[in-house]
Amino acid sequence: MTPRAALPLAAALSLLPVMSCAPAGAQTASPTRAEAPRVEPLNPRPAFEYFGGLDFEPNIPTPKEILGYEIGDRFTRHADVVAYLHAVADASPRVEMHTYGLTNERRELAYLVISSPDNLRDLDTLRQRNLALADPRGTSDAEARRIIENNPAFVWLSYNVHGNEASSSEAAMRVVYTLAAGRNPEIRDILEKVVLVVDPMINPDGRDRYVNWYNQTLGVGLGANPDRLAAEHDEPWPGGRTNHYYFDLNRDWLWLSQVESQQRLPVYRSFLPQLHIDYHEQGYRSPYFFGAGDDPYNANIPDETREWINLYGEANARVFDERGLVYSTRERFDYLYPGYGKVLPVYHGAVGMLCEQAGHGFAGLAVDVVGEYTLTLRHRAFHHFLTSLSYLETTAANR
């Protein structure tokens with residue numbers, strides 16, 4: 001979100017370079033303070049809805065039933081996130097959960113595979129066919145065409161690589177619940193056409209460093225203070241961004257210097273998804289970012305990849321436009337450095353993309369944004385939830 005939240009589309013277009021409003025490279029002038037339109041406050045508790053309404057199987061546990069609170073009401077510790085996801089996997093034939101390693105502080109690294117029960121029963125065959133598409137030396141054009149016509153697409157969603165960008169793991173739980181319990185025909189269509197891999201928390205050590213500090217600072221029984229000067233909005237060094245060794249895991253996808261990366265990349269390469277999304281947060285006054293990155297791109301990135309990036313970005317834009325939410329694209333997030341979580345997958349054949357939600361460690365459970373509205377953890381998780389469902393819906397439609 002931005003300081004000018006929940007704008008109508010016409011107002012949003014006057015403020016930000018939205019996906020289809022200008023040709024690539026065009027510059028949009030920023031309005032002066034006097035020109036900026038007046039805005040309405042954010043909905044204080046947005047519902048985690050999609051497809052015009054969601055219908056759920058009653059036998060799949062909701063986050064509240066396991067955690068004791070709704071998503072967005074509190075920050076969830078790593079152990080509780082893992083406990084909830086195990087509970088969903090135990091209850092749903094659409095979900096498998098696997099452990100792929102441990103952090104330096106002995107926290108579990110896990111991933112979930114979500115798809116239709118038929119796809120999960122045949123998962124190893126589907127996965128091997130998908131890998132065959134990545135190696136033309138052993139796959140004829142005719143065989144590749146048969147795989148493309150019959151295999152589901154593979155999608156990988158990576159959440160919370162920076163520990164103090166904590167809304168994405170909250171969103172991940174809601175995404176997993178929606179796919180595990182949803183009875184909508186649109187969800188069933190996604191499950192038939194897509195195999196989804198979810199890494200709910202790439203950096204558990206950094207996340208718990210941030211969440212534990214925040215809970216200690218807030219105190220027991222006290223509500224969140226949205227005043228930016230409150231102590232809970234002043235995270236001390238070293239903060240929760242990095243892992244145990246204070247290394248930024250979003251710079252380590254290529255070099256694999258850290259145990260989290262060393263254990264994750266072999267699993268990633270065993271799937272080689274067509275789409276990889278890396279979830280982040282940025283400054284709490286910023287708009288939501290998705291779609292194309294800033295120029296220049298690395299010259300080794302194919303034009304076709306950029307076309308898919310734009311297709312997915314335009315789909316996200318429609319989802320945000322329908323809800324009057326502000327977003328930006330073609331900004332400072334580059335495709336030059338190969339070790340990012342959105343760039344290394346491109347060299348493994350995926351469409352790699354980044355999502356940046358306003359918030360970061362400064363935002364806490366709630367923060368006032370230039371006196372115009374209060375941005376909450378629930379808002380932040382909701383916006384990541386929207387793009388997660390949009391990426392899956394768009395992938396199924398273009399399988």
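Let's start at a turn: β1 and β2 form a hairpin with five residues between the strands, and Arg106 in that hairpin has a positive phi near 65°. (Strands here are DSSP runs of E, at least two residues long, and helices are runs of H or I, at least four long, all numbered from the N terminus.) This is a predicted model, where local features need pLDDT of at least 70 and side-chain atom pairs count only at pLDDT 80 or more, while totals for chains, interfaces and linings use all residues. Residues are numbered from 1 along each chain as its sequence is written, and side-chain values use heavy atoms, with hydrogens and water left out.

Arg106 sits in the loop between β1 (95–102) and β2. Why point out its phi? Most residues other than glycine have a negative phi, and most peptide bonds are trans. The two strands run antiparallel and are joined by seven bridges; for two strands to count as paired, DSSP has to find at least two bridges between them. If you want a place to look, Gly101 stands opposite Leu109 in β2.

There is another hairpin to look at, made by β11 and β12 with three residues between them. Strand β11 covers residues 366–369, strand β12 covers 373–376, and they pair in the antiparallel sense over four bridges. Ala366 stands opposite Thr376 in β12. In the turn, Val370 has a positive phi of about 40°.

Now for the cis peptide bonds. One joins Trp237 and Pro238, with omega about 5°, and Pro238 is in the loop between α9 (204–218) and α10. Another runs from Asp295 to Pro296, with omega near 0°; Pro296 belongs to strand β7, residues 294–297.

On to the helices. Two packed helices are described by the angle between their axes and the distance between the axes. Here the axes are lines fitted to C-alpha atoms, for helices over the stretch in contact, and angles run from 0 to 180 degrees between N-to-C directions. Take α3 and helix α7 (residues 167–181): their axes come within 11 Å and cross at roughly 5°. That makes α3 roughly parallel to α7. (Under 35 degrees counts as roughly parallel, over 145 as roughly antiparallel, 65 to 115 as roughly perpendicular, and the rest as oblique.) Val81, Tyr84, Leu85 and Val88 of α3 make the contact with Met173, Val176, Tyr177 and Ala180 of α7, contact meaning heavy atoms within 4.5 Å. By class, that contact has eight nonpolar, no polar and no charged residues. (Ala, Val, Leu, Ile, Met, Phe, Trp, Tyr, Cys and Pro count as nonpolar, Asp, Glu, Lys and Arg as charged, and the others, Gly among them, as polar.)

How do α5 and helix α10 (residues 259–271) cross? Their axes come within 7 Å at roughly 85°, and are therefore roughly perpendicular to each other. Arg127, Asn130 and Leu131 in α5 meet Arg269, Ser270 and Phe271 in α10. Sorted by class, this contact has two nonpolar, two polar and two charged residues.

Finally, the empty space. Rolling a probe the size of a water molecule over the atoms shows where such space is left. On a 1 Å grid over the protein atoms alone, a cavity is a set of points where a 1.4 Å probe fits but cannot get out; a pocket is an open set with protein on both sides within 12 Å along at least five of seven lines, and lining residues have an atom within 4 Å of a point. Grid points are joined across faces, edges and corners, and a volume is the space filled by probe spheres set on the points.

The structure holds one cavity of 30 Å³ or more, and the largest cavity has a volume of about 40 Å³. Its lining consists of His78, Val81, Val82, Glu108, Ala110, Pro200, Met201 and Pro204. Helix α3 (78–91) and strand β2 (108–114) each give two or more of these residues, with the largest share, three, coming from α3. The lining divides into six nonpolar, one polar and one charged.

The largest pocket holds about 770 Å³ of space. Of the 31 residues lining this pocket, Leu133, Gln274, Glu304, Trp308 and Gly349 lie nearest its centre. At least two lining residues come from each of α5 (123–133), α6 (141–150) and α11 (303–322). By class, the pocket lining has 18 nonpolar, 10 polar and three charged residues.
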